[in-house]
Each structure stands twice: as C-alpha cells, then as structure tokens.
Amino acid sequence: MTGPRLGGVDAEHEAQLLSRVIDTISAGLDLGPILQGVAKLVTETTGTDVCFVHLLDERGRTLRLHGATPPFDDLVGKIELGLGEGVSGWVASHGEPAVIVDDKTADPRYRYIPALRGEEYTSMVSVPIVTPLGHLVGVLNVHTRLRREFTAADVELLRSVAGLVAGAIENARLHRRLAEREEALERFAERTVEWQEHERRRLAGEIHDGISQRIVSLFFHLSAAADAIPGSPGVAAEQVARAQELATAALDETRSAIAGLRPPVLDDLGLAASLESLGHSFPQLHVQVEAARTRMAEHVETAIYRTAQEALQNVAKHAQARNVRIRLYLQRDKMVLEVADDGTGFDPAAPDDSGTSTGFGLAGMRERAELLSGKLELSSAPHRGTTVRLMLPFTSPAQLPGR
Ligand SMILES: Nc1ncnc2c1ncn2[C@@H]1O[C@H](COP(=O)(O)OP(=O)(O)OP(=O)(O)O)[C@@H](O)[C@H]1O
Ligand SMILES: [Mg+2]
C-alpha cells in the first residue's frame, strides 16, 4: 500500500489494525461478534466515529446491517437496503468505493435513513467487501463527525480490512453449511438405523409367517409323496403337485419381501417407467405422469423413486384426492420431482395430532434430500391440495466411479 497519507493512519497503525482484524476474525466462527469487533477496531484505528458493516443476503438482493459501533449497535439486523439503494447500495451494485467529504445530501447516491442519523456526520467512505474470488458479500462504511479528506491510502486500508472480513464471512458461511449437512447426516443415520430395524422386523415377519410356513408344508407334502410312491403313485403325484404349488407361492412371497427392500423396477424399466408403474399401483387415484427419460446415478434414482412412493402413499392415506400429477424434469443443473394432488391439503406448520403418524414420511424425504445436497419443498394449505417438490443436483450415471 503506497500513496500519500493525509488521513492520519500511518504505516505502523495500519499494520496493527490489520493484524488486530486478523486476531478478531480468527477468534471464532460466529459472524455477529466478529463484525462487531471489526467495526470497533476500524473506528479506533482509523480515527473515525462510526463504522457499519452491511452484508448482502445469500440471494444477493438486500444489504442488511450486521455490525455497527455504538450508539448504532442496537440497529444490527434492523436496517435493510436494496441493491442500488443509498450510498452502500450504490457501492454494492458498482463494486467500487465511494468517498463523500461533505454535503452528502447533494450526492444523488445518498439516501437519508433517520435511524442512522446522517445529519450528525459529515464525511464518509464506503468500500465493497469482496472475497478473493471476487464475490461481493457486503459493504463496510466509516463516518466522521468532522469534515475529513479521506485519502486514497485510507480507502486502500479499508479495502484491505474489507478483504479480511470477506474471508471470515465466507468461512463462517461455509462452516454453517457444513454444520447443517453434518446434522442432516446424523439425523439420516439415526433414521436409517430405525428403518433398518423396522425392515428387519418386517422381513422377519414375512419369512416367519409366510415363507417358512410354506416350506414346512412343502416338506410334509414331499414326505407324503415319498411314502406313497411305492404303493399309491396316484397319491404321490397329487402330493407332488401340491408341493409344486407351495413352492411357487413361497417363491412369490420371497419376491415380494425382497421388492419391499429395493425397487427392482428401477433396474428393469428405468425411473420414468417406474414412476408410471408406481402410479398404477394406486388404483383409487388418477395419476398422471410426465417424466423425462434421463438416466441418473442409481442412488439419485432410488431417492426420487422413494420420494414419489412416499408422497403417493401420503396422498392415498391423507389427502382424499382424485388426481395426482407427477412431473420429473431437469431444470438447469437440478433434477426436479413434483407430486401434486388436488386433495384436502394440510397446514405443514401445525403438528399432526392424529396419533397415527410415525413421522417417517416427510421427515425422511427431507433428510434424504438434504443428504444428497438437495432440498424438499412442501406447499400445502387446507382445501388447496398439496405439492411436494424434491430438487436434487443432477448426477449422471457416468459421473460415478465404478459404473
Ligand atoms: N398429500 C397430503 N395431503 C394431506 N395431508 C398430508 C399429505 N401429506 C402429508 N400430510 C399430512 O402430514 C402428516 C405427516 O406426513 P408423514 O408422511 O410425515 O407421516 P404419516 O404419513 O402420517 O406417517 P408415515 O409416513 O410415517 O407412515 C400426515 O399425517 C398428514 O396429516
Ligand atoms: Mg407418510
């Protein structure tokens, strides 16, 4: 950093400021205290009177006050500016600093916000907070009561501070996202274990009550046939025929027990046709399917199929609907599954108190979506039907190793 220093911040101060900013932002991952600390440091070290840190929301539409020095610290979270609105909005939308030495109100970029008491402050600098990769994440402002000619070096220094802050913000956001995913993973693991237990009990039931009973009778018929062969071949033939029937039934039951574990139709028919066949398995509903015939990674197809299956089961169980529309389409880099019914709908915010819900359905769909870096949206209101929308990043079968 070179250039004249008229603003009173010398090189030593500058180095001190930057190193204290680094200390402050390395102290933790909680953005609130970091930004408050940085704002305070900036005013102390640059000899300014107040400092504001506005951050762009994650959709990039509004700036919100996230850090401020007293007496404005109470306003944190309460001030919002549109992109392009006020000096900060201008800086955010242009990506360049703004310096106003005096007569702010004459500057077309200026917008008076009573709570920020602009009339008490004369000069200001506003710099964009930009990450090393060039993403704008917010705006940092300093104001002085007395008139001050901010220099190019002052502006540069503030930009350096803003650069450090940008890194901290990115880290904090990344950290939050990671923590959310980790939580989703944990919840999913818990559910998986519960489901495994549930599946184990189901399979044990099917094997015990169905398949093994048949094998036992099969054994008796075969023994009777063996005994009858020498003297009464006719009886033996009858017993063998009975045994054949039982073997066929046992085989059918084995198949259906296995089908409950994995949807084999996916491999046989592909996802689009499997969704159609799923629709036909609910004869009480008129299910219309429009599905793109895109092949995806196996686990993504399974997730989509299971979500459609659970959504349809919910429609059949709760919605009293006649029509269901299933759509599967690619939207930019996302695969979208929509299951929309014209049933009673419900209030997703109200807890279900029917006492019959095991709560696996929606929660499981949501967790499965989060685990695959996607999301599940539910729109429903009483008497207005329900739409479940699953969005997953598109993964082609070829993108997976070993396929
Ligand atoms: N399509 C729908 N129409 C009307 N209500 C619905 C619909 N889908 C879900 N619900 C409501 O949301 C509740 C929660 O659904 P969820 O799938 O999580 O649990 P469940 O179906 O009750 O039980 P489970 O799926 O665990 O067997 C349901 O009990 C029902 O009240
Ligand atoms: Mg359900």
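Where does threonine 48 lie? In this predicted model, it is found in the loop that runs between helix H2 (31–46) and strand S1 (50–56).

**View 1. A close look at threonine 48 and its surroundings.** Threonine 48 counts as buried because 25 other C-beta atoms lie within 10 Å, where the cut-off for a buried residue is 20 or more. Setting aside neighbours within four places in sequence, its contacts are Thr43, Val142, His143 and Thr144. One of these, threonine 144, is 96 residues away along the chain, yet the two C-alpha atoms are separated by 5.1 Å.

View 2. Let us step back along the chain. H2 is built from 16 residues, and its first and last C-alpha atoms are 22 Å apart, close to the expected 22 Å at 1.5 Å a residue. Its buried residues are Leu31, Ile34, Leu35, Gln36, Val38, Ala39, Leu41, Val42 and Thr46. Just after the helix comes glycine 47, with a positive phi of about 65°.

View 3. The domain assignment divides the protein chain into domain 1 (11–179), domain 2 (182–259) and domain 3 (265–399). Taken over C-alpha atoms, the centres of domain 1 and domain 2 are separated by 70 Å.

**View 4. An open sheet of 5 strands.** Here the strand order reads S7-S8-S9-S11-S10, and the pairing is mixed. The edges belong to S7 (286–291) and S10 (375–380); each has a single partner strand, so one side of each lacks a neighbour in the sheet. From one strand to the next, the twist averages 10°.

**View 5. Strands S9 and S11, side by side.** Strand S9 (residues 334–341) and strand S11 (residues 386–393) run antiparallel and are joined by 8 bridges.

View 6. Helix H7 (residues 271–280) touches S7 and strand S8 (323–331), and its direction makes about 175° with that of S7. Helix H8 (residues 298–319) also packs on the sheet, where it touches S8, S9 and S11. The direction of H8 makes about 10° with that of S9.

Key: Residues numbered from 1 in each chain as written. Chains lettered and ligands numbered in written order. Predicted model: local features only at pLDDT ≥ 70, side-chain atom pairs only at ≥ 80, totals over all residues. Pairing = 2+ DSSP bridges. Helix = DSSP H or I, 4+ residues; strand = E, 2+ residues; numbered from the N terminus. Axes fitted to C-alpha atoms, helices over the stretch in contact; angles between N-to-C directions. Contact = placed C-beta atoms within 7 Å. Domains from an automatic or database assignment. Buried ≥ 20, exposed ≤ 12 C-beta atoms within 10 Å, placed from the backbone. Expected span 1.5 Å × (residues − 1).
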